[in-house]
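Please look at the sequence and the model below before reading on. The text goes from the whole chain to a single residue.

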Amino acid sequence: MDNASARNMWGDYLDQHLEDAFVDAPKTIHFCDNKKDANECVDLVLKNIKKATSPSLLGLQLRNEPLPKIGDFLVITDWDGKAKCIVKTTAVKLKPMFSIDETYARKEGEGDKSLAYWKKTHWEYYTRELSEFNREPRESMIVVCQEFEKVFD
């Protein structure tokens with residue numbers, strides 16, 4: 001962790017949760033690829049509305065990032081890198097984009113929480129994400145459905 005506010009938040013968490021003292025230091029992330037969406041999404045997590053995130057498997061592979069796994073911790077920051085909360089991954093499922101349903105879209109908690117909103121905004125995000133690798137999203141591409149619970153803020 002190269003972010004001082006994330007390190008401090010993780011230290012505060014460990015002070016209260018000694019059972020996690022030997023857990024690998026969590027990855028520090030912000031959601032999305034722009035300030036407005038990143039800050040809105042972390043606020044939704046703080047309000048216990050957003051309980052999932054959905055990176056594309058192809059995007060993770062192209063950036064050489066590991067798949068999330070159950071039990072992983074993440075320090076979520078705002079766009080400017082200020083640590084806002086810690087979440088713990090509770091489920092990871094790989095699904096083709098076309099199989100995402102209303103229930104999962106609601107867990108993401110964004111916009112009006114509808115499947116139509118989820119598909120529109122995620123298609124736009126995946127298009128931007130994959131364009132730097134000269135790739136395009138497809139309905140059949142695999143989405144990493146990562147569910148989490150907020151454990152500290």
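This is a predicted model: local features need pLDDT of at least 70, side-chain atom pairs count only at pLDDT 80 or more; totals for chains, interfaces and linings use all residues.

Residues are numbered from 1 along each chain as its sequence is written, and side-chain values use heavy atoms, with hydrogens and water left out.

The chain contains five helices and five strands. Here helices (H or I, at least four residues) and strands (E, at least two) are DSSP runs, numbered from the N terminus. Along the sequence their order is α-β-α-β-α-β-β-α-α-β.

The C-alpha atoms fill a box of roughly 45 × 30 × 25 Å along the principal axes. Of the 153 residues, 41% are buried, where buried means under 20% relative accessible area with a 1.4 Å probe, counting protein chains only. Among contacts (heavy atoms within 4.5 Å) with a separation of 6 or more, 69% join residues 24 or more positions apart.

Where in this fold is E147? E147 sits in strand β5, which covers residues 142–152. E147 counts as buried because its relative accessibility is 14%. Leaving aside neighbours within four places in sequence, E147 touches several residues, including K51, A52, T90 and Y104. K107 is also one of these contacts, and the side chains of E147 and K107 make a polar contact at 3.2 Å. A polar contact is a pair of N or O atoms within 3.5 Å; within protein, one must be able to donate a hydrogen and the other to accept it, and residues adjacent in sequence count only if both atoms are side-chain atoms.

Definitions and conventions. Buried means under 20% relative accessible area, exposed over 50%, partly exposed in between (1.4 Å probe, protein chains only).
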